[in-house]
Amino acid sequence: MAARDVLTKNQVCVLEKLEAASGPLSAYTLLDQLRERGFRAPLQVYRALDTLVKSGFVHRLESINSFVACAEPHDHSHSMTAFAICDTCGQVTEMSDHDVDHRLNEWVHSTGFAAKKAVIEFRGTCAKCRAEAA
C-alpha cells in the first residue's frame with residue numbers, strides 16, 4: 001500500500017468517505033456526499049477512485065459496481081482478495097489468504113495463463129442477518 005501523504009486533497013476526501021461508510025458506496029453516491037467539499041463532476045470522483053484502487057487503498061466490488069476502503073494491510077499487487085457481500089444489509093468482509101492465493105496461482109499458471117489480478121466475490125447472507133432471520 002502506498003503512503004497516504006502522497007494523496008491529493010480529492011483522493012483523501014474520497015478515501016475518508018469510504019472509510020467512514022458502513023458499506024460499499026457507488027461513485028455517484030460519493031459525488032453526492034462530497035458536493036459540500038467542492039466536488040462537482042463525476043470525473044473528479046472517478047479519477048480519485050482510480051488512483052486509490054491502483055494504490056491499494058480502495059477495492060472495487062465488480063458485482064455491485066461500488067467501492068470499499070481496504071480493510072487489511074496486504075500487498076495488492078500479488079495477492080488474491082476475496083469479499084463476502086451480504087445481499088441483505090450490504091456488509092462487506094474482506095479476506096486475503098496466502099495459502100489460497102498460492103494454490104490458485106499454481107492452478108492458473110498450470111494452464112499457461114498469466115493472471116494480473118484476482119478478485120473473488122461471494123454473495124449471500126452474513127451471520128448477523130442469518131441470525132436475525134432465524
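Tutor: A nonpolar core is a set of buried Ala, Val, Leu, Ile, Met, Phe, Trp, Tyr and Cys residues joined through side-chain atoms within 4.5 Å. The structure discussed here is a predicted model.

Student: Which residues of the largest nonpolar core touch the most other members?

Tutor: The largest nonpolar core has 19 residues. At least two residues of this core come from each of α1 (9-20), α2 (27-34), α3 (42-55) and β2 (66-69). The members that touch the most others are Val14, Leu18, Leu30, Leu49 and Val58.

Student: Which residues does leucine 30 touch, not counting residues up to four places away in sequence?

Tutor: Leucine 30 is one of the core members that touch the most others. With residues up to four places away in sequence left out, the residues touched by leucine 30 are Val14, Lys17, Leu18, Leu25, Val45 and Leu49.

Student: Is histidine 59 buried or exposed?

Tutor: Histidine 59 belongs to strand β1, residues 58-61. Its side chain is joined to that of glutamate 94 by a polar contact of 3.1 Å. The cut-off for buried is under 20% relative accessible area. Histidine 59 has a relative accessible area of 8%, so it is buried.

Student: Where in the chain do the partners glutamate 19 and arginine 4 lie?

Tutor: The structure holds 8 salt bridges, and one of them joins the side chains of glutamate 19 and arginine 4 at 2.8 Å, N to O. This pair links distant parts of the chain, 15 residues apart. Glutamate 19 lies in helix α1, and arginine 4 in the segment before α1.

Student: How many residues apart are lysine 17 and glutamate 36?

Tutor: Lysine 17 and glutamate 36 form a salt bridge, with their closest N and O atoms 3.9 Å apart. Lysine 17 is in helix α1, while glutamate 36 is in the loop between α2 and α3. The two residues are 19 residues apart.

Student: What is the distance between the closest N and O atoms of arginine 60 and glutamate 62?

Tutor: Arginine 60 is partly exposed, at a relative accessible area of 29%. Glutamate 62 is also partly exposed, at 42%. The two form a salt bridge, and the distance between their closest N and O atoms is 2.5 Å.

Key:
Residues are numbered from 1 along each chain as its sequence is written. This is a predicted model: local features need pLDDT of at least 70, side-chain atom pairs count only at pLDDT 80 or more; totals for chains, interfaces and linings use all residues. Side-chain values use heavy atoms; hydrogens and water are left out. Helices (H or I, at least four residues) and strands (E, at least two) are DSSP runs, numbered from the N terminus. Buried means under 20% relative accessible area, exposed over 50%, partly exposed in between (1.4 Å probe, protein chains only). A polar contact is a pair of N or O atoms within 3.5 Å; within protein, one must be able to donate a hydrogen and the other to accept it, and residues adjacent in sequence count only if both atoms are side-chain atoms. Contact means heavy atoms within 4.5 Å. A salt bridge is a side-chain nitrogen of Lys or Arg within 4 Å of a carboxyl oxygen of Asp or Glu.
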